[in-house]
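Subject: A structure for you to look at

Hello,

I am passing a structure on to you, and my notes follow below it.

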Amino acid sequence: MNNEMTYEQAINRLEQIVAILEKNEATLDESLKLFEEGTRLSAFCSNMLKQAQTKITEINKE
């Protein structure tokens with residue numbers, strides 16, 4: 001995963017992965033790779049949201 005990926009780009013890619021997997025046309029190997037990528041993207045998005053929440057909390061304290 002590109003370290004310069006934005007939250008929005010990661011969400012868009014997650015949506016693409018979900019759409020591909022929902023079609024149920026990928027092979028097992030492809031599905032596993034997509035699932036693994038989706039897991040990494042989900043963790044990335046979660047981390048970005050936590051960072052934003054921390055920043056908002058810090059701003060509100062000022």
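E37 is partly exposed, with a relative accessible area of 22%; here buried means under 20%, exposed over 50% and partly exposed in between, with a 1.4 Å probe and protein chains only. The side chain of E37 forms a salt bridge with that of R13, at 2.9 Å from N to O. By salt bridge I mean a side-chain nitrogen of Lys or Arg within 4 Å of a carboxyl oxygen of Asp or Glu. R13 belongs to helix 1 (residues 7-23) and E37 to helix 2 (residues 28-61), so this pair ties together parts that are 24 residues apart in sequence. R13 is partly exposed as well, at 23% relative accessibility.

Before going further, a word on where this comes from. The model is predicted, so local features need pLDDT of at least 70 and side-chain atom pairs count only at pLDDT 80 or more, while totals for chains, interfaces and linings use all residues. Residues are numbered from 1 along each chain as its sequence is written, and side-chain values use heavy atoms, with hydrogens and water left out.

How many salt bridges does the rule give? The count comes to two. Besides the pair above, R40 and E36 meet through their side chains at 3.5 Å, N to O. Both of these residues sit in helix 2, four residues apart, or about one turn of the helix. R40 is partly exposed at 40% relative accessibility, and E36 is partly exposed with a relative accessible area of 47%.

Now for the chain as a whole. It has two helices and zero strands, where helices (H or I, at least four residues) and strands (E, at least two) are DSSP runs numbered from the N terminus. The radius of gyration is 15 Å, well over the 11 Å that the globule rule gives for 62 residues, so the chain is more spread out than a compact globule. That radius is taken over C-alpha atoms, and the rule is 2.2 Å times the number of residues to the power 0.38. Along the principal axes, the C-alpha atoms fill a box of roughly 50 × 20 × 15 Å.

Buried residues make up 13% of the 62 residues. The chain exposes about 5,200 Å², with carbon and sulfur atoms supplying 52% of that area (Shrake-Rupley method, 1.4 Å probe). Of the contacts with a separation of 6 or more, 70% are between residues 24 or more positions apart; a contact means heavy atoms within 4.5 Å.

I11, in helix 1, is partly exposed with a relative accessible area of 25%. I11 and S42 are 31 residues apart in sequence and 8.1 Å apart in space, C-alpha to C-alpha. V18 is also placed in helix 1 and is partly exposed at 44% relative accessibility. Between V18 and L41 there are 12 Å in space, C-alpha to C-alpha, and the two are 23 residues apart in sequence.

Finally, take a look at the loop between helix 1 and helix 2, where N24 lies. Phi of N24 is near 60 degrees, a positive value in a residue other than glycine. Most residues other than glycine have a negative phi. N24 is exposed, with a relative accessible area of 68%.
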